[in-house]
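Subject: Structure handover

Hello,

The structure you asked for is below. My notes on it follow.

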Amino acid sequence: MPVGGLVAHASDNAADLVVRNARIHTGDPGRPLAEAIALRDGVVTVVGDDKDIAARVGPDTKVVDALGRRIVPGLNDAHLHVVRGGLNYVLELRWDGVPTLRQGLEMLREQAARTPRGQWVRVVGGWSAEQFAERRLPTVAELNAAAPDTPVFVLHLYQAAVLNRAAVKAAGFTRATPDPRGGQIVRGRDGEPTGLLLAAPSALVLYSTLAKAPVLEGEDQRTSTRHFLRELNRFGLTSAIDAAGGFQNFPDNYRTVVELAKSGQLSLRIAYHLFPQTAGQEIDDLARWTETVRPEDGDEWLRLNGAGENLTWAAADFENFAEPRPELGDYEAEFEKAVRLLMEKGWGFRLHATYDETIRRDLAVFEKLAAEGLFPAGNRWLFDHAETVSAHSLDRIAALGGAMSVQNRLSFQGEAFTRRYGPGAAAEAPPLRAMLERGLTVGAGTDATRVSTYNPWIALHWLVSGRTVGDLAMRPPHNRVDRHTALAMFTRAGAALTGEESVKGILRPGFLGDLAVLSEDYFTVPEPDIAHIESLLTVVGGRIVYAAGEYEGLDEELPPVSPAWSPVAHFGGYQATPRSGPGARQAELLGEAVAESEQHRRWRARRGLAPQSTGTFFDPCFSL
């Protein structure tokens, strides 16, 4: 871009990239603000103003004018299922950000028309019924009407899935199909599956059904993953910690990111975890892995970070807040073996734990091992989620050298949580300030893609405001964090959870050159508008990996989305909605409600429950 006042000089220290005329939040207490930054060989070389970076502008230096915009360190999602998400991204129709069910169904109808025989239309996570003006799920009848012949699978949080008639058949559900353990196949009066699946409370019935859908292979997996990483870059994400998860096998499902790393085609730094997939075989898997690879094997682009988020299946609770808290059986004996093995081998780990009841039992095992000197031992370990963790448990975690990673699952499930446990419990879910006051490292993430959206600004809005996507105020001011703290949780804390706090998370000479030029100033926009922020220019290791607006075309070219019928090829990913004032939003909601009311009247009329409309407006108040 044309930049006045800077003259190129031949220099051995010339930067590869300079970004100037910016409001830079460095995250560095030693120099919190700057106007310009220079990067060379993937790292930051100078942070300052035009005078400081002038000598670093050479003939081949790319100079970008930020036009006075806010720059922040690249965001780091501390709990994202990025490996699994990438393998499936282009197959999924995203309802993330869609404001009405009507729009979502229209997208589904359009996608079903282009989806070839044998493939499914799948809506998998990133949305909640509470975000819709209609405040409800789609019905089976609506899915049948939108896609009479194409299988449709719509996942709603960890609670339920709605399938159309074709998907019930494709999944092989019949009158004779038994309910899986912890799940329910809802049936009609005739005993046949209706198309509704319920997690009661285990989500296994939902994910095992989704696993029956066709998958991508080979080059399509690589293309899908590259487009997913580009979508994450769109929101300023430059790093993520992959939390593994069910149906994510090592090494098979990791081959795509390994191949992309080898070819230099990753646009997001990934620290990954390993999750035993077979109940009863967990100790054998962990023992084999600890002899094969070690944490921190890899480089700054792709590295192993430890085990988890499950170590043994029996120790995992479920986070379906529409159902009562699950009562776990005895699991401590095998769990202790797993933790002992990891600690003795120098491995860190992360643990999925929603409820304090689970956390207390886990801590009792750790304290037993601490008596043998295994805690704290320098291994990085943490609890994930922890919506109901108690103050006493936080004290025990701090004493054992642990950390925390929180996600905005309650952005999407907050209403269900509040209905079940009450506003008092909701106000402390999770107890963010109590975690931070104890000096714990608290990373922040999304837990995308099967529940929350991968858009980190929705999570940042939740951290700051305490509100759900349905605008329910859950956490009062005493349990919210300010914008600087929330951003630190999404940058510096994430780096600490992977042992990289000395090389990333802030913008300082010698640190990795990861940054985002934002569409709006995060520190000054009205609070509701935090959720609408995107990146206009994302840089990872000095590479421009995403560019939009005035910077469009500066990023690296990607191959076209494949297959061509992919929902992403036609709709993209997250569905951004324009910001609007409260009056405009009220009018929008009223219009949507009227449309929904008319739609419901027509439904009743077709069933003889209401008179057919004559097309003439009739009001008895004006009858003569």
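(Ala, Val, Leu, Ile, Met, Phe, Trp, Tyr, Cys and Pro count as nonpolar, Asp, Glu, Lys and Arg as charged, and the others, Gly among them, as polar.)

Before the rest, note that this is a predicted model, in which local features need pLDDT of at least 70 and side-chain atom pairs count only at pLDDT 80 or more, while totals for chains, interfaces and linings use all residues. Residues are numbered from 1 along each chain as its sequence is written, and side-chain values use heavy atoms, with hydrogens and water left out.

Cavities and pocket

The second largest cavity holds about 50 Å³ of space, and its lining consists of R226, R230, Q265, S267, R543, E556 and L558. (On a 1 Å grid over the protein atoms alone, a cavity is a set of points where a 1.4 Å probe fits but cannot get out, and a pocket is an open set with protein on both sides within 12 Å along at least five of seven lines; lining residues have an atom within 4 Å of a point. Grid points are joined across faces, edges and corners, and a volume is the space filled by probe spheres set on the points.)

The whole structure has 4 cavities of 30 Å³ or more. In the largest cavity there is about 80 Å³ of space. Its lining residues include P73, T238, K504 and D514, and by class the lining has 4 nonpolar, 6 polar and 2 charged residues.

The second largest pocket has about 1000 Å³ of space. Of its 39 lining residues, S202, N310, W313, A316 and F318 lie nearest its centre.

Helix packing

Helix α7 (residues 218-233) packs on helix α8 (residues 255-262) at an angle of about 75°, with the axes 10 Å apart. (Helices are DSSP runs of H or I, at least four residues, numbered from the N terminus; axes are lines fitted to C-alpha atoms over the stretch in contact, and angles run from 0 to 180 degrees between N-to-C directions.) The two helices, α7 and α8, are therefore roughly perpendicular to each other (65 to 115 degrees). Q221, R222, T225 and R226 of α7 make the contact with T256, V257, E259 and L260 of α8 (heavy atoms within 4.5 Å). R226 also lines the second largest cavity.

Regards

Notes
Parallel < 35°, antiparallel > 145°, perpendicular 65-115°, else oblique.
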